[in-house]
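Visitor: Hi! Could you walk me through this one in plain words?
Guide: Happy to, let's have a look together.

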Amino acid sequence: MTTTALKEPVRETSPGAARAPRRRPGRIRRLSLPYLLLLPALLLELLVHLVPMAIGIVMSFKELTQFYIRDWGTAPWSGLDNYRVSVDFDAPVGKALLQSFGVTVGFTLLSVALCWLIGTAAAVFMQDTFRGRGLLRALFLVPYALPVYTAVITWVFMFQHDNGLVNHVLHDQLHLTGEPSFWLIGDNSFYALLTVSVWKGWPFAFLIVTAGLQNIPRELYEAAALDGAGTWQQIRRITLPSLRPVNQVLVLVLFLWTFNDFNTPFVLFGRAAPEAADLISVHIYQASFVTWNFGTGSAMSVLLLLFLLVVTGGYLLLTSRGRRTSDA
Amino acid sequence: MPDSPMAPPRSFLWSRRVFLALLAAFVLTPVYVMVSSSLKPLADVTGRFRWLPSELTIRPYIDIWSTVPLADYFVNSLIVAGAATVCSVVVAVFAAYAVSRHEFRGKRVFTVTVLSTQMLPGILFLLPLFLMYVNIGNATGIALFGSRGGLILTYLTFSLPFSIWMLIGYFDSVPRDLDEAALVDGCGPLGALFRVVVPAAVPGIVAVAVYAFMTAWGEVLFASVMTNDTTRTLAVGLQGYSTLNDVYWNQIMAASLVVSVPVVAGFLLLQRYLVAGLTAGAVK
């Protein structure tokens, strides 16, 4: 610190024709260095995210069927046709999309709420040290650490009609159902998907809330304890309010990940998900790769993106306003 | 709560016990099914479910390698995930260093743009990327579609936004005086980065590497579209155990376990770094 402070004035007060040309390249290098460092990240983001996104938007205005895939630039323009097909809720395509959208919204809300609730409860309960806490914490992170497909394949096995664990327990052992149920087809598939999603997703909430708890100053608890607040009151008055900023980010991230989840339903149901669990990502995949109609698929993706933008923007606006008023 | 002078009431202790026990059962059941089924003979997994194997056998662990070319898938996954991790970490270190230590125009735009790509639905750029890779292949002869290279390129960008974000937080926590001292001692900016900032941020870098590896190892969507028979990764290859007549559930569970052990073990060993990284970067 001191050395730089000493050096600066020396440089400023020694102007000279000989020095100027030497200084300029140095300054240019210093100015462009951050950009050079960012260049790889920027190029990759451009190549894999931003350019494809732009192409996707262009594609949504084209009649892009299997005949044009080799050279998609030559596909004829179709104006808003793809969008019209996607949102014509009386026709089969639009109707199916609307149904899928509804299922996805319901599924996401339930899954995020449950993941958040379980994750927060577990993190708060495990804030104190007790015997076996370290082991339990490692155990709780296993679903998060498992590769999605191995975890979901195991659930597929458990949900099997004839040889699965779920029916064995519910039907054979507890006699709760008259007949063994089908879990991966029909209406039950929604609950199967929700179970797997929560099983897989809550440890992330647990991880983030655990990290957030470590930033709550100890003095707050000590002061509350002196004031006579019991454990439950401390949780309600200190822990939960202090977690608010963490929760604001956590809920948004959980929402986006769950809403966009492809891996879980894809491994759980295969290419064609049952109607009750037809999440939007798989629906668009199906609409694009099974029918090879990339134009309509792209239009659906763009609509999805717009929806997510509006929701995210609205959410950020609401939560930041909430934060400001609570500060005031 | 931590070190509170009052002991928690019984109601708290009992709710904690009940809640954590139920949760542990929920978490462990699939893990138990995976482990126990992988040691069962085929008859045990095709008939009615049984909690205990009729006999213990390690047969499934031998058969998994011949039923499908699991070793090939394993090698493919290892190459793809390993390369994606290394590249992603290097790129993220450079970018995070620039954001953490330098003032430049467009800094905010950069961080916001990069972070917002994290929220894009994968399906949105799956189709265009698929077409781009096919067209780049046709035009230049560089095979991205169906090759490991294309998958590596794709996966490394998946973990990039979160990695950069987390590393910025980590680098910010390394005192600036340290690298300024290194600069004065004659290190260039890159020397300061590699001799001072990186060594001080090793836990954060490890955490980011674990995250990047897990992301690449577990991805299904792009793997299912962008690989062919020779480049197939585990994510897609594991589905090969379900033939039409018999589903070899014991082998599927054995293979799942073999595939999971490296990541789960690595994750559990390094999870304290991840929690520390999140504390420093994400939730600050």
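Visitor: How much of residues 248-270 of chain B is helix, and how far apart are the end C-alpha atoms?
Guide: Over residues 248-270 of chain B the chain is 96% helix and 0% strand, and the end C-alpha atoms are 33 Å apart. Helices (H or I, at least four residues) and strands (E, at least two) are DSSP runs, numbered from the N terminus. Please keep in mind that this is a predicted model: local features need pLDDT of at least 70, side-chain atom pairs count only at pLDDT 80 or more, and totals for chains, interfaces and linings use all residues. Residues are numbered from 1 along each chain as its sequence is written, while chains are lettered from A and ligands numbered from 1 in the order in which they are written.

Visitor: What does UniProt list for chain B?
Guide: Its unreviewed entry lists "transmembrane region" at residues 73-97, 109-131, 151-171, 192-214 and 248-270 of chain B. UniProt positions are given in the numbering used here, feature names are shortened, and annotations may be inferred rather than shown by experiment.

Visitor: And how much helix is there over residues 109-131 of chain B?
Guide: That span is 83% helix and 0% strand, with its end C-alpha atoms 28 Å apart.

Visitor: How many helices and strands does chain B have?
Guide: Chain B has 13 helices and zero strands.

Visitor: What is the overall extent of chain B?
Guide: Along its principal axes, the C-alpha trace of chain B spans about 70 × 70 × 35 Å. Its radius of gyration is 24 Å, whereas a compact globule of 284 residues would have one near 19 Å. That radius is taken over C-alpha atoms, and the globule rule is 2.2 Å times the number of residues to the power 0.38.

Visitor: What share of chain B is buried?
Guide: Of its 284 residues, 47% count as buried. A residue is buried if 20 or more other C-beta atoms lie within 10 Å of its own, exposed if 12 or fewer, and partly exposed in between; the C-beta atoms are placed from the backbone.

Visitor: Which residues of α9(B) are buried?
Guide: They are B:Pro189, B:Ala192, B:Leu193, B:Val196 and B:Val197. Seen down the axis of α9(B), these buried residues fall within an arc of 130°, so they line one face of the helix. The arc is that of the directions from the helix axis to the C-beta atoms.

Visitor: Is B:Thr230 buried or exposed?
Guide: B:Thr230 counts as exposed because it has 11 C-beta neighbours inside 10 Å. You'll find B:Thr230 in the loop between α11 (221-226) and α12 (234-237) of chain B. The C-alpha atoms of B:Thr230 and B:Leu183 are separated by 49 Å, and the two are 47 residues apart along the chain.

Visitor: Switching to chain A, how many helices and strands are there?
Guide: Chain A has 15 helices and zero strands. Buried residues make up 40% of its 328 residues.

Visitor: Where does UniProt place "transmembrane region" in chain A?
Guide: The unreviewed entry gives residues 33-61, 101-126, 138-158, 190-213, 242-259 and 298-318 of chain A. Over residues 190-213 of chain A the chain is 100% helix and 0% strand, with end C-alpha atoms 33 Å apart. Residues 242-259 of chain A are 94% helix and 0% strand, and their end C-alpha atoms lie 27 Å apart.

Visitor: What about A:His175, where is it found?
Guide: A:His175 is in the loop between α8 (165-173) and α9 (189-213) of chain A. A:His175 has a positive phi of about 55° although it is not a glycine. With 8 C-beta neighbours inside 10 Å, A:His175 counts as exposed.

Visitor: Which residues of α11(A) are buried?
Guide: The buried ones are A:Thr231, A:Gln234 and A:Thr239. They fall within an arc of 60° seen down the axis of α11(A), so they line one face of the helix. The face turned away from that buried side carries the exposed residues A:Arg236 and A:Pro241.

Visitor: What do the buried residues of α11(A) pack against?
Guide: They pack against α4 (92-125) and α10 (218-226) of chain A, together with α1 (10-37) of chain B.

Visitor: How many residues does each chain bring to the contact?
Guide: The contact takes 80 residues from chain B and 84 residues from chain A. Two residues are in contact if their C-beta atoms, placed from the backbone, lie within 7 Å. Helix α13 (residues 249-282) of chain B gives the largest share of the side of chain B that touches chain A, 15 residues.
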